[in-house]
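Here are some friendly notes to read alongside the structure. Take them one point at a time, and find each place in the model as you go.

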Amino acid sequence: MSQQLLRLGIYVSVIFTLLSACSTSNQPSKQQQNIETAWLNPLTFEQQIETNGSLEDIKFNIEFTGTDEKPFFAKGCSFVLQSGDDIVVDWEYDRWQWLKANCVGANRYFNAPKTAYSFWPELFDYETIKHLPASAIPNLGGESLEGRTGSLSSYDKSLTFVAASRENSISVEVDGLEVHYTQVARADFNRDGYQDIFIRMDWFVKDAFGKGTDWVVLTKLSSVEDPMLLWRN
Amino acid sequence: MPLNANVKTEVIKNTEKFEGRVPHLYLDTRGLVTVGIGHLISNKAAMASVVMYKKNSNNTLVLASLAEKQAEYDSIKKQPYGFSRNANFYKLHTTLIMKDHDIVAQKEKHILKFYSELTKYYTTSNGFAKNFDLMPYSVQKALFDMVFNLGITKLRTQYVKMNNAIKKEDWIVAAAESKRVGISSSRNNYVSNLFLSAQKQSITP
């Protein structure tokens with residue numbers, strides 16, 4: 001009798017476990033997700049940087065031409081983040097925006113919790129880009145972002161893979177633009193417990209001289225949901 | 001109708017101000033060989049159309065041969081590239097330069113291409129009050145700056161509110177809707193003020 005009760009108990013617990021697994025397969029709980037460590041792309045400044053310390057530990061030596069047409073060197077993010085946008089000549093504005101985007105991403109990384117649950121795929125590849133929201137595209141002003149819904153690949157049929165020329169960077173052509181998406185950092189930037197991605201978008205107009213850098217922060221709240229836009233530049 | 005000379009001069013001056021002028025070869029942030037006012041050289045063979053000079057033993061400039069220009073192209077193409085390097089970085093690796101008038105001539109070719117695109121789109125048949133050539137000169141200069149940056153497709157399809165204002169010759173709204181993202185505030189102000197000056201001209205008796 002006691003053996004029959006034991007067997008019954010085992011059957012019930014197995015069935016209960018299976019049912020629980022089925023009912024949560026589309027809505028994974030936090031406990032089922034990996035806890036990921038925050039990450040800063042060590043090559044986002046095009047040179048190896050220290051990612052374990054603080055923002056002040058990031059050192060570089062990048063030449064710019066000031067508005068007085070004299071050269072100056074940017075050496076750290078504090079200087080970049082405290083300086084205005086019109087510190088450089090017009091033709092180096094895109095480079096300055098590139099450096100500023102990296103510093104904004106690094107600053108957010110150092111201010112974010114060091115671990116979070118993550119639903120992001122491990123690889124930052126063309127598949128990741130295809131599933132980004134359609135609004136994750138450089139803002140060129142005018143009405144360039146209006147009405148962009150769904151995913152990038154479903155909205156922009158012109159989306160084409162060009163190259164993965166650098167680690168954590170994917171180049172595509174979309175809507176008359178060449179866009180280089182670079183993963184700058186992964187961290188829980190908005191402190192909701194889930195890891196987000198800071199993506200820099202370097203863009204070039206295909207049939208003209210326009211170029212620039214924009215950035216977005218995206219979150220992903222479950223394994224089945226597409227990424228959502230949290231913030232943009 | 002040819003492009004007004006005053007407009008052309010201003011466009012050359014401002015594209016140089018906004019795009020920069022580099023007389024030697026360099027790599028842009030994507031690693032593409034570039035010279036002059038943002039002129040991309042698509043491949044080694046295209047060096048044939050770029051007029052460059054070298055200094056001879058008397059320190060005077062003499063025309064560089066195609067072989068010399070292509071060797072310079074190869075030498076620059078091997079250099080590292082990216083956002084962390086500006087054009088000055090490549091100067092040490094070059095021996096050839098372009099003369100100012102050749103840089104301007106190169107730029108004029110780009111201007112003619114964009115002029116052709118502007119005159120095809122800004123027409124009375126597309127709903128504008130005037131054809132491009134008959135628009136105020138300040139508006140022509142503003143549209144030139146925008147087309148250089150955005151290309152005609154984006155200027156046409158992503159600046160619909162601005163173009164609707166231009167159709168009505170409402171220069172105040174056109175000025176407000178001309179604001180671009182990714183360029184300096186001084187460049188945005190330059191274009192905005194060009195539209196606003198058309199407004200002032202239109203109310204001058």
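Predicted model: local features only at pLDDT ≥ 70, side-chain atom pairs only at ≥ 80, totals over all residues.

1. Where does α5(B) bend? Look at B:Gly151, where the bend is about 105°. Also have a look at what is around this helix: 17 of the 21 residues of α5(B) are buried, so it is largely enclosed by the rest of the structure.

2. Now turn to helix α1 of chain B, residues 5–19. It has 15 residues, and the distance from its first C-alpha to its last is 21 Å, close to the 21 Å expected at 1.5 Å a residue. After α1(B) comes B:Gly20, with a positive phi near 85°.

3. Which residues of α1(B) are buried? They include B:Val11, B:Thr15, B:Phe18 and B:Glu19. Viewed down the axis of α1(B), the buried residues fall within an arc of 75°, so they line one face of the helix. On the other side, B:Ala5, B:Asn6, B:Thr9 and B:Lys13 are exposed. A handy rule to remember here: an α-helix has 3.6 residues a turn, so residues three or four places apart point the same way.

4. Next, step back to chain B as a whole. It is divided into domain 1 (21–104) and domain 2 (122–203). The centres of these two domains of chain B, taken over C-alpha atoms, are separated by 34 Å.

5. How do the chains meet? In this model, 32 residues of chain A are in contact with 33 residues of chain B. On the chain A side, β3 (59–65), α3 (93–111), β9 (196–205) and β10 (211–219) each supply at least two residues. That side of chain A has 12 nonpolar, 10 polar and 10 charged residues.

6. Finally, compare two loop residues. A:Glu46 sits in the loop between β2 (39–40) and β3 of chain A, and B:Asn59 sits in the loop between β4 (53–55) and β5 (61–63) of chain B. A:Glu46 is not a glycine, yet its phi is positive, near 65°; B:Asn59, also a residue other than glycine, has a positive phi near 65°. Are they buried or exposed? A:Glu46 counts as partly exposed because it has 19 C-beta neighbours inside 10 Å, while B:Asn59 is exposed, with 6 other C-beta atoms within 10 Å.

Note on methods: Residues numbered from 1 in each chain as written. Chains lettered and ligands numbered in written order. Contact = placed C-beta atoms within 7 Å. Helix = DSSP H or I, 4+ residues; strand = E, 2+ residues; numbered from the N terminus. Nonpolar A, V, L, I, M, F, W, Y, C, P; charged D, E, K, R; others polar. Bend = angle between axes of the 7 residues up to and from the residue. Buried ≥ 20, exposed ≤ 12 C-beta atoms within 10 Å, placed from the backbone. Expected span 1.5 Å × (residues − 1). Arc of directions from axis to C-beta. Domains from an automatic or database assignment.
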